[in-house]
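Me: I have a model open and want to go through it with you. Can we start with what you count as a contact, then work through the packing?

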Amino acid sequence: MLRFFGTRVVSVAPLLFLLTVVVFALVQIAPGDPAAIIAGPDASAEAVDRIRQDLGLDRPVLVQYIDYVANALQGDLGTSYSTGESVLDRVLTRLPRTASIAALAILISVLLSIPMAVFAALKRNSWIDRMITSTSVVMLALPPFVLAALLIAWFSLGGLQILPPGGYAEMSEEGFAEWLRYAILPAIAISTISIAELARLGRGSLVDILEEDYIRTARAKGLSSWLVVGKHAAKNAAIPYVTILGLQVGRIVGAAVIVEAVFNVQGFGQLGVEAVLTRDLPTMQGVVLISGVFVIVTNLLVDISYGYFNPRTRTS
């Protein structure tokens, strides 16, 4: 198992290298001169040259890349052009908001999609199956930002008025209950498409596995359908489910950019938007780098989970 784990960890090294190259290239391919952006439109050529030297932009590209990676490994992601703050400090201020909402969205996706998949598979071709399948199609067709607006209209501005229409409450300051009041609507808006895709995939995977011979044998022994699914079918059906769940993490982070704007969360996604609008290249680099590492680590965990769900993969 340790060999399997080590092999998977080493396999992400090329991805991390490629990620750093792409992130570093943002400065090289972005239109405009970073030194001129910092200096302002009225700066003299001498002032721009001094800033370029201070930033190290006059050095060979390879040297700049090595310095960027070395600094990033030490937690130095540069200084924001627009605010003068440390990029890492800006990221650490915004990231917990998006991470907490994304975690809640993933939890909602798992808690709802698994029962939907199991009921649909066990009641295949029944009205329950058709209702769950039809609901999934509607959920897939509903963009997160549209659902976000509808949720605000229903639960915040309409007759209910039980949840705030926007903003964010820090869990450490306001408590869990208040944080949940602010986070639940964005999390639902973000998780809807993931719930539908996971439910549909889980249903299809369970339907295939329930036709296997060992499942028929378990049923012939008199085991109930729920015990057959929980003890024999679930583990094998989990591999494709977990695979898609890992991909959904990236989707959820991407959807958070738009949903945060609707709910005025001022999270990590909005930090990236602000960096693009202000041409704050170091902050853009930091947002892309952190997002890329997050997705790579998530997929690494998914890959490692295969060793638990299917022990035969440990030898590959």
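Reply: Contact means heavy atoms within 4.5 Å. Keep in mind that this is a predicted model.

Me: Fine. With that cut-off, which residues of helix 7 and helix 10 meet?
Reply: From helix 7 the residues are Asp129, Thr133, Ser136, Val137, Met139 and Leu140. On the side of helix 10 they meet Thr192, Ile193, Ile195, Ala196, Glu197, Ala199, Arg200 and Arg203.

Me: What angle do helix 7 and helix 10 pack at, and how far apart are their axes?
Reply: The angle is about 140°, and the axes lie 8 Å apart. Angles over 145 degrees would count as roughly antiparallel, and helix 7 and helix 10 are therefore oblique to each other.

Me: Is that crossing of helix 7 and helix 10 left-handed or right-handed?
Reply: The crossing of these two helices is left-handed.

Me: I clicked on Met131. Where is that?
Reply: Met131 is in helix 7. Its relative accessible area is 44%, so Met131 is partly exposed. Its C-alpha atom is separated by 28 Å from that of Ile101, 30 residues away along the chain.

Me: Ile101, then. Which residues touch the most other members of the largest nonpolar core?
Reply: Ile101 is one of them, along with Leu104, Ala187, Ile190 and Phe263. That core has 31 residues.

Me: Which helices each supply at least two residues of it?
Reply: Helix 6 (87-122), helix 7 (127-141), helix 8 (144-157), helix 10 (176-209) and helix 12 (225-263). The largest share, 9 residues, is from helix 10.

Me: And what does Phe263 touch, leaving out residues up to four places away in sequence?
Reply: Phe263 touches Ala148, Ile152, Pro165, Gly166, Gly167, Leu185 and Pro186.

Me: What about a second core, how many residues does that have?
Reply: The second core is separate and has 16 residues, among them Tyr68, Phe268, Leu271 and Leu300.

Me: Phe268 and Leu271 are in helix 13, I see. How does helix 13 pack with helix 6?
Reply: Helix 13 (residues 268-277) packs with helix 6 at an angle of about 135°, with the axes 7 Å apart. Helix 6 and helix 13 are therefore oblique to each other. Helix 6 contributes Arg90, Val91, Arg94, Leu95 and Thr98 to the contact, and helix 13 contributes Phe268, Gly269, Gln270, Leu271 and Glu274.

Me: Switching to rings. How many aromatic pairs are there?
Reply: The structure holds 4 aromatic pairs. One of them is Phe17 with Tyr65: the ring centres are 6.4 Å apart and the planes are at 90°, so the pair is edge-to-face.

Me: Which helices do Phe17 and Tyr65 come from?
Reply: Phe17 is in helix 2 (residues 13-29) and Tyr65 is in helix 5 (residues 61-73), so the pair ties together parts 48 residues apart in sequence. Tyr65 is buried, with a relative accessible area of 15%.

Me: And how are the rings of Phe24 and Tyr68 arranged?
Reply: Their centres are also 6.4 Å apart, but the planes are at 45°, so this pair is tilted. Phe24 lies in helix 2 and Tyr68 in helix 5, so parts 44 residues apart in sequence are tied together.

Me: Is Phe24 buried or exposed?
Reply: Phe24 counts as buried, at 9% relative accessibility. Tyr68 is buried too, with a relative accessible area of 12%. Phe17, Phe24, Tyr65 and Tyr68 form one aromatic cluster.

Me: Backbone next. What is the phi of Asn125?
Reply: Asn125 has a positive phi of about 70°, although it is not a glycine. Most residues other than glycine have a negative phi. Asn125 is in the loop between helix 6 and helix 7, and at 59% relative accessibility it counts as exposed.

Me: Where does Asn264 lie?
Reply: Asn264 lies in the loop between helix 12 and helix 13. Asn264 has a positive phi of about 55° and is not a glycine. At 47% relative accessibility, Asn264 counts as partly exposed.

Me: Last, the overall picture. How many helices and strands?
Reply: The protein has 14 helices and 0 strands. The C-alpha trace spans about 85 × 60 × 35 Å along its principal axes. Of the 316 residues, 40% are buried.

How values were computed:
Residues are numbered from 1 along each chain as its sequence is written. This is a predicted model: local features need pLDDT of at least 70, side-chain atom pairs count only at pLDDT 80 or more; totals for chains, interfaces and linings use all residues. Side-chain values use heavy atoms; hydrogens and water are left out. Rings of Phe, Tyr and Trp (its six-membered ring) pair if their centres lie within 6.5 Å; planes under 30 degrees apart count as stacked, over 60 as edge-to-face and the rest as tilted. Helices (H or I, at least four residues) and strands (E, at least two) are DSSP runs, numbered from the N terminus. Buried means under 20% relative accessible area, exposed over 50%, partly exposed in between (1.4 Å probe, protein chains only). A nonpolar core is a set of buried Ala, Val, Leu, Ile, Met, Phe, Trp, Tyr and Cys residues joined through side-chain atoms within 4.5 Å. Axes are lines fitted to C-alpha atoms, for helices over the stretch in contact, and angles run from 0 to 180 degrees between N-to-C directions. Angles under 35 degrees count as roughly parallel, over 145 as roughly antiparallel, 65 to 115 as roughly perpendicular and the rest as oblique. A crossing is left-handed if the near helix is turned anticlockwise from the far one by less than a right angle, and right-handed if clockwise.
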